[in-house]
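I will take the whole chain, then its parts, then the contact between chains.

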Number of protein chains: 2
Amino acid sequence: MSTAVGAEVLCIGTELLLGNIVNGNARWLAEQLAALGIPHFRQEVVGDNRERLIAAVQAAAGRCRVLITTGGLGPTPDDLTTEAMAAAFSTPLREWPEVWEDIQAKISARGRSVAPSNRRQALLPEGAALLPNPTGTAPGMIWSPRPGFTILTFPGVPSEMRAMWAATAEPWLRQAGLAEGVFASRLLRFWGVAESSLAEQVSDLLALSNPTVAPYAGAGEVKLRITARAADAQAAAALLAPVEADLRARTGSLCYGSDDDSLASVVLERLRQRGETLAVAESCTGGAIGAALTAVPEASTVFLGGVIAYANSVKRDGLGVAEALLNTHGAVSDPVAIAMAEGARRVIGSTWAVAVTGIAGPGGGTAAKPVGLVHVAVAGPDGCESEGIHFGASRGRHWIQTLACGEALQRLRLRLG
Amino acid sequence: MSTAVGAEVLCIGTELLLGNIVNGNARWLAEQLAALGIPHFRQEVVGDNRERLIAAVQAAAGRCRVLITTGGLGPTPDDLTTEAMAAAFSTPLREWPEVWEDIQAKISARGRSVAPSNRRQALLPEGAALLPNPTGTAPGMIWSPRPGFTILTFPGVPSEMRAMWAATAEPWLRQAGLAEGVFASRLLRFWGVAESSLAEQVSDLLALSNPTVAPYAGAGEVKLRITARAADAQAAAALLAPVEADLRARTGSLCYGSDDDSLASVVLERLRQRGETLAVAESCTGGAIGAALTAVPEASTVFLGGVIAYANSVKRDGLGVAEALLNTHGAVSDPVAIAMAEGARRVIGSTWAVAVTGIAGPGGGTAAKPVGLVHVAVAGPDGCESEGIHFGASRGRHWIQTLACGEALQRLRLRLG
């Protein structure tokens, strides 16, 4: 047992092995463990299979001090987690009457009838403590079947897992003495630069050991994660600060924000400071720029709205784009993008407007205007600029739409200075 | 070796263990393996750590016939996959001159300079075959370090991994004789029903063993996955068909589609058949309904566009919502939702329009109109209907916006009959 260290995550569900769903729970738990400073070197996924589940739990018991499981706590026959855990350590199950009452009350409150199968959810191994589920029916457990090894079980439903984590598991883990110091991390976000080119610019920092600096590429976005480990939060922050300052100094305006910032949130914040407003005119993005902006709480103080001008008739009637422009240059052109942006600014009455018109594919491309060509315009008090950008066809419609959204917001950001 | 079976997936990257990114590659690979009928009982994630990587590969060699890895093929010092694989089986690396030339050509074509570190990407273990990377610089390998055990390595960049899979790995796996029969599956999609209530309705089918039927809950959506296993595709399809027919007969209009359908794609298809068109008027969803519609290829034959009426001024000036309505009932009300939908229909000139106005939070709620209240209206040739729906505040802004989008499309779908 003495070599066992940190926490492992075991996600249970055949739907994960069939690829039906992405394992968002593993990502979320990983993030929580990092924030708590608990070492986490391994994640595993197994299906709803009793033997493999037992083998996975027994193997983990020799490697880690805490095993966090998700899934398999429901009432259906393929929910095997609790039973398999008990079997792995030859421990009988016992029913918790108060849990069974709670389950019946919750199901009745939803106007549904209690099924006999729900009663299985009130069983826990002898000696286990309850990990209460405030929102759903399936409770989890905190159980140490052996000295120095504890299992925490959660349902697979993300909202229930998160609520249980916050209410019970996180406080328990803070007390459990698993943390080896504290991790602190800072994510710097970049737009308009390739990962390899950014990595070359900061290659000496990528070789650091504490803090570490690691690059990640996303859809159009590149991120640098700085991670420091120290005895306490203050010391970790002190390690982060100079590296962050160095990175920001080297990369200048390429770095648009940090941590939970998005291009949308950064643009909204800058406009809020300036007391200015924004509108959108979207053709091939179909509303995605507006959706990105309104994903940010309090967007309404800056973002007024816009026109989704997918059909040419809407570009003409909704934004005042001249028929002659559409006929002469085509809908995917700088003159039309400019007329859309200026039209949105005028129609909506905003300080600024961004417009996007392009060919997201897979159909509709020509030799002169291939799939992936998008014209992006930004109109403001000091005029309107537009440019045609080739995103390429190979990565598909969603990629083109995502990059077009980002480019529109990025160009506005740079115009705002 | 004789007990080794199927394929395992090993994803390599500290960013996964820090929770920086979700493991979308694991989901995608799982889906591909299921479609090929290759058993897949286990997924694992380890960080950029040489010792743990070697241990994970050696352990997998005793359990499975094919190990598929993602990540760690880049040029930076934390890219350790190829080197660790070679070390795990005491095999020297050798440089592939043609790969090094290809890497230099690709980097130069992007107008960037070749870094010495890129040369590491041209190294493969002795005896490995190349798994070419058509789009990126990092190639993978197909390597059998022991009889009956083959490693396939892929970069972590999803688009590169997918292109390499399709071009080389999938054909290789089809020839490799790993498939134990064929899996076929059908996903039925439901809106407007709780997972538990749907599960009760079909509980006898959830107990089947071939095909299996399993429920999954998403954001507002519930899915039932039917999975059959048989000697060939035709036999698997024959197992699926009667269960699908039974499920559809029991659930009626609750089932809106199957497989890759979305509410948006189903609504667009139905309108296309009817030769009708659609517009949107979006307040609290900010363009997300339009974005969902335009995510579907060929949406332009049906979806004309709309107005993002986030500010009241845009509801008034862009959609013709009377000031008196806004003052009397407030922006979040049935009369305003109806005026928005009818305004969009009139302004855009479409057969149908959907409108959404609500309080996505976290701010802006009152006792009478709490966060999570959304009014959804559908206007068409036969009139306009609106209803206020309470989604609750507890799951947050994005949840409320997602459910509001779905409700708008669902109500239109039901109106279309």
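What follows are my entries, in the order I looked things up.

**Entry 1: the model and the chain.** I note that this is a predicted model. I began with chain A as a whole. Its 417 residues are 52% buried. I counted secondary structure next and found 15 helices and 17 strands in chain A. The C-alpha atoms of chain A fill a box of roughly 80 × 55 × 40 Å along the principal axes. I then checked the contacts in chain A with a separation of 6 or more. Of these, 66% join residues 24 or more positions apart.

**Entry 2: domains.** I looked up the domain assignment of chain A. It lists domain 1 (7–175), domain 2 (182–258) and domain 3 (263–416). I took the distance between domain 1 of chain A and domain 3 of chain A. Their C-alpha centres lie 46 Å apart.

**Entry 3: one helix.** I picked H15 of chain A, which covers residues 396–416. How far does this helix reach from its first C-alpha to its last? The reach is 31 Å over 21 residues, close to the 30 Å expected at 1.5 Å a residue. I then checked burial. In H15(A), 15 of the 21 residues are buried, so the helix is largely enclosed by the rest of the structure. Just after H15(A) comes Gly417(A), with a positive phi of about 70 degrees.

**Entry 4: one residue in chain B.** I turned to Glu51(B). It sits in helix H3 of chain B, residues 50–61. Is Glu51(B) buried or exposed? It counts as exposed, because it has 10 C-beta neighbours inside 10 Å and the cut-off for exposed is 12 or fewer. I also looked at Glu51(B) and Ala87(B). They are 36 residues apart in sequence, and their C-alpha atoms are 9.8 Å apart in space.

**Entry 5: where the chains touch.** How many residues of chain A are in contact with chain B? I found 79, and they meet 79 residues of chain B. The chain A side has 39 nonpolar, 26 polar and 14 charged residues. Strands also cross between the chains. S14 of chain A and S14 of chain B, each residues 303–309, run antiparallel and are joined by five bridges. Within S14(B), Gly306(B) stands opposite Ile308(A).

**Entry 6: symmetry.** I laid chain A on chain B. A turn of 180 degrees with a shift of 0.3 Å along the axis gives an RMSD of 0.4 Å. The two copies are therefore related as by a two-fold rotation axis. The same surface serves both copies, as 99% of the contact residues of chain A recur in chain B.

Methods. Residues are numbered from 1 along each chain as its sequence is written. Chains are lettered from A and ligands numbered from 1 in the order in which they are written. This is a predicted model: local features need pLDDT of at least 70, side-chain atom pairs count only at pLDDT 80 or more; totals for chains, interfaces and linings use all residues. Two residues are in contact if their C-beta atoms, placed from the backbone, lie within 7 Å. Ala, Val, Leu, Ile, Met, Phe, Trp, Tyr, Cys and Pro count as nonpolar, Asp, Glu, Lys and Arg as charged, and the others, Gly among them, as polar. Two strands pair if DSSP finds at least two bridges between them. Helices (H or I, at least four residues) and strands (E, at least two) are DSSP runs, numbered from the N terminus. Copies are superposed by least squares on the C-alpha atoms of residues with pLDDT of at least 70 in both. Domain bounds come from an automatic or database domain assignment. The expected span of a helix is 1.5 Å times one less than its number of residues. A residue is buried if 20 or more other C-beta atoms lie within 10 Å of its own, exposed if 12 or fewer, and partly exposed in between; C-beta atoms are placed from the backbone.
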